[in-house]
Protein chains: 2
Amino acid sequence: MSKMPIVEVINFGDELLVGIRENSHLTYLGGQLARYGLPIHRSRVITDEASEIKRAFLDAWQHSDIVITTGGLGPTADDMTRENIAEALGAKLVFDAEIEALILARFKVLGRRMAAHHLKQCYRFAEGEVLHNERGTAPGLAYRSEGKILIMLPGPTHELTPMFEKQAIPMLQAMGVLSNEEAYIQLRTCGSGESTVEETMQPIVQAYPELTVAYCVHYGIVDVRLSPHKGRMCMDKLKGIAHEARVLLGEDFVCFGHCSLAGVVFHELRALDRTLAIAESCTGGLLCDAFTNLQGASKVFVGGVVCYSNDVKVSKVGVPESILEQHGAVSPECAIAMASGIAERLSSDYGLSVTGFAGPDGGNEQNPVGTIHLGYHSPVGVWCKTVRYTGGRLDVKARAVHAALDWVRRKLRKYKIEEFLCGCECD
Amino acid sequence: MSKMPIVEVINFGDELLVGIRENSHLTYLGGQLARYGLPIHRSRVITDEASEIKRAFLDAWQHSDIVITTGGLGPTADDMTRENIAEALGAKLVFDAEIEALILARFKVLGRRMAAHHLKQCYRFAEGEVLHNERGTAPGLAYRSEGKILIMLPGPTHELTPMFEKQAIPMLQAMGVLSNEEAYIQLRTCGSGESTVEETMQPIVQAYPELTVAYCVHYGIVDVRLSPHKGRMCMDKLKGIAHEARVLLGEDFVCFGHCSLAGVVFHELRALDRTLAIAESCTGGLLCDAFTNLQGASKVFVGGVVCYSNDVKVSKVGVPESILEQHGAVSPECAIAMASGIAERLSSDYGLSVTGFAGPDGGNEQNPVGTIHLGYHSPVGVWCKTVRYTGGRLDVKARAVHAALDWVRRKLRKYKIEEFLCGCECD
């Protein structure tokens, strides 16, 4: 396979077609393969009827070099994917005593007897390999014919994932189909919309026609993924281009890779050896949650108050009643009082606050639904900022959290030296 | 179409194939169509190369009665799905001045000029209808030929969703393809694993072979979806079966439909006209977030404290230092002190608390990683409960939140009369 092989993924599973579950296998496999330079070319989801399996599989086999299937390898009578595909291929299945021994051993550990229907899971392609399943009974299967490759994986995520990473990827790398090193670089940005980021990237796009640039937007974050177009480029060149892109993106650049905004803020504060407390109203716990998703969060994050009522804002965060009376709870003044109040009450170096109308109720002329005020208290100063979003309640919450984190990230980078010096003074 | 029409969905979008985004359109469309009794039969995701589009579309058109596409209707030069499909069908596209007028009006509101490339979005099938896009420029398109139906939808979710619900579904209902009423009933359960729920459902499965029973598991919740197998069953009969299932499921039954556990607890407390406060440690804001995702949450939820350090547990939640010294922060005693403390400090009727080790660090012999203690303070008593989960940090957080909410739900239902009487006394 000197040219880029065509990869097709077939997911078996009715639950993917009736809105019960998202096709996370496709996303996972696509991410894994793209990482090593081999994008999936097409995919399909089909029900597990025999005629449908055979027709779809043969179409895929005819038009692709590598076919990867997920699901349909279970022990029950309606899991006939293995048998149907073997029949479509005209390939022979043979009983494999080693598979049987592994399944028997598995049941022994569980203290249960192996049911007779598991015997059908002991068959493999006569001309093929077995991918051992360390978390379940159904082994994965590999088959090669006329330069084409078929890989069949079990449906449960916790079985599929280790099998793919530990066995299928090394197998494809050994065949020379997959690269041994990662094939793209991601730049995470925040602060500008997708079209602005695309415009910013234009000089790079024009200078390197052999580059593929993909964008992914999620709640105010725009990820830019750089990879060689349909082929390979040496990693050093790609790294050089990524650094050019970083310069163009300026302050919007958050990090290379997949670190969350909370993670970036966490690392900045950790480097300063400083702590943070949060007071949040309309985001209702989501901002605290973003921090506590990080392993070791307690080294930076001391705690937070979800002050959903004015009483709690006054009694637990220390917002002066006069501010609530004069400006209301959704105001820049209240945001600042919350940030400073929470830092003082929880004895943290930094305080971050969010107050606003997430909707769909609430809002007034000055502060329509979607208006969010952020407050930031630091050893070198106190700031507030107002943002406004449209969308449903959950969207507004998620965007407000990203806005707050991105704002702190910028402030921390801008005042890096001052904050560091301030830290030295304090010690 | 007297027999069940075969529906195929084609999603255009490279980002779905390289792990950037999950195919949420398929899940959405599958859920919507299944709701009205028409499951999607198969789907595929393809890149937007002309040859690929034509080949895949013709294959789908040949083997299906209804084809729904998403994406590829944008204004840029590489969005050629409309043109490629028209060519494959041998169907004529005509310029539609009404579409142009709508796009012009849209740009006028935005105070911008319409770029020339938007002109390609003004074309529709000569033998077809236009689905108006209330949130963007790309109109949806419908086409009918030889009893088959093609519906083309724009890619952005906020454009696709209202278009499908307000225009495509009524159109398909008017054609008699979709039922006018919902076609399945969902029973949400919590407290037992999938296999136990499946076992509990056995008498129903055996008594009604014409019934399809599907299960969906998410963080301790098991949804049971009852629908007629490949055809219709009168709604009254389905409702009767659903009520039989509810009885079998016992206390595990949460609700019919899709209400969240937080929503169920919210409604119970709202009916009692009582308030709730939360103190959470290892779940770090996620429990508060579950409540504040609900519209009107502030009627029940007064606020919460994310007490990530012992200092905050003592100073903000009122946990006695002696309890921390004697039992530690991860203990049933601390959970109870947190629940009662937060209710008292925030002047709420109920208090709910979570403390534990979400992992991967922490834990000790008595309380290994994944151990969670829950505390519940109510006007009729105070309880604690311990649960234990395996899995990553985020999984443990999500399962702990569901465990806490499910526990409160059971308690509220069990002591319903007492709590109601207690409410009367207090007033």
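Let me begin with a definition: when I say contact, I mean heavy atoms within 4.5 Å. What we are looking at is a predicted model, in which local features need pLDDT of at least 70 and side-chain atom pairs count only at pLDDT 80 or more, while totals for chains, interfaces and linings use all residues, and side-chain values use heavy atoms, with hydrogens and water left out. Residues are numbered from 1 along each chain as its sequence is written, and chains are lettered from A and ligands numbered from 1 in the order in which they are written.

With that in hand, which residues does Ile85(B) contact, leaving aside its neighbours within four places in sequence? They are Phe12(B), Ile53(B), Phe57(B), Thr69(B), Phe125(B), Leu150(B) and Met152(B). Ile85(B) belongs to helix H3 of chain B, residues 81-89, where helices (H or I, at least four residues) and strands (E, at least two) are DSSP runs numbered from the N terminus. Ile85(B) counts as buried because its relative accessibility is 0%; the cut-offs are under 20% relative accessible area for buried, over 50% for exposed, and partly exposed in between, with a 1.4 Å probe and protein chains only. Between the C-alpha atoms of Ile85(B) and Ser51(B), which are 34 residues apart along the chain, the separation is 10 Å.

The next sheet involves both chains. How many strands form the open sheet with mixed pairing, and in what order? There are 10, in the order S17(A)-S16(A)-S15(A)-S13(A)-S14(A)-S14(B)-S13(B)-S15(B)-S16(B)-S17(B). At its edges are strand S17 (381-388) of chain A and strand S17 (381-388) of chain B, each pairing on one side only, and the twist from one strand to the next averages 10 degrees. Within chain A, strand S16 (residues 371-378) pairs with S17(A) in the antiparallel sense over 8 bridges, and Ile372(A) stands opposite Val387(A) in S17(A). Helix H13 (residues 332-345) of chain A lies across strands S13, S14, S15, S16 and S17 of chain A, at about 145 degrees to S15(A).

In chain B, the axes of helix H11 (residues 310-317) and helix H13 (residues 332-345) come within 9 Å and cross at roughly 40 degrees. H11(B) and H13(B) are therefore oblique to each other, given that angles under 35 degrees count as roughly parallel, over 145 as roughly antiparallel, 65 to 115 as roughly perpendicular and the rest as oblique.

Some backbone details deserve a look as well. The peptide bond from Gly359(A) to Pro360(A) is cis, with omega near -5 degrees, and Pro360(A) sits in the loop between S15 and S16 of chain A. Asp273(A), although not a glycine, has a positive phi of about 60 degrees; it is found in the loop between helix H9 (261-272) and S13 of chain A, and it counts as exposed because its relative accessibility is 56%.

Finally, the domains of chain A, whose bounds come from an automatic or database domain assignment, are domain 1 (7-174), domain 2 (185-256) and domain 3 (261-426). The centres of domain 1 and domain 3 of chain A, taken over C-alpha atoms, are separated by 48 Å.

Technical notes: Two strands pair if DSSP finds at least two bridges between them. Axes are lines fitted to C-alpha atoms, for helices over the stretch in contact, and angles run from 0 to 180 degrees between N-to-C directions.
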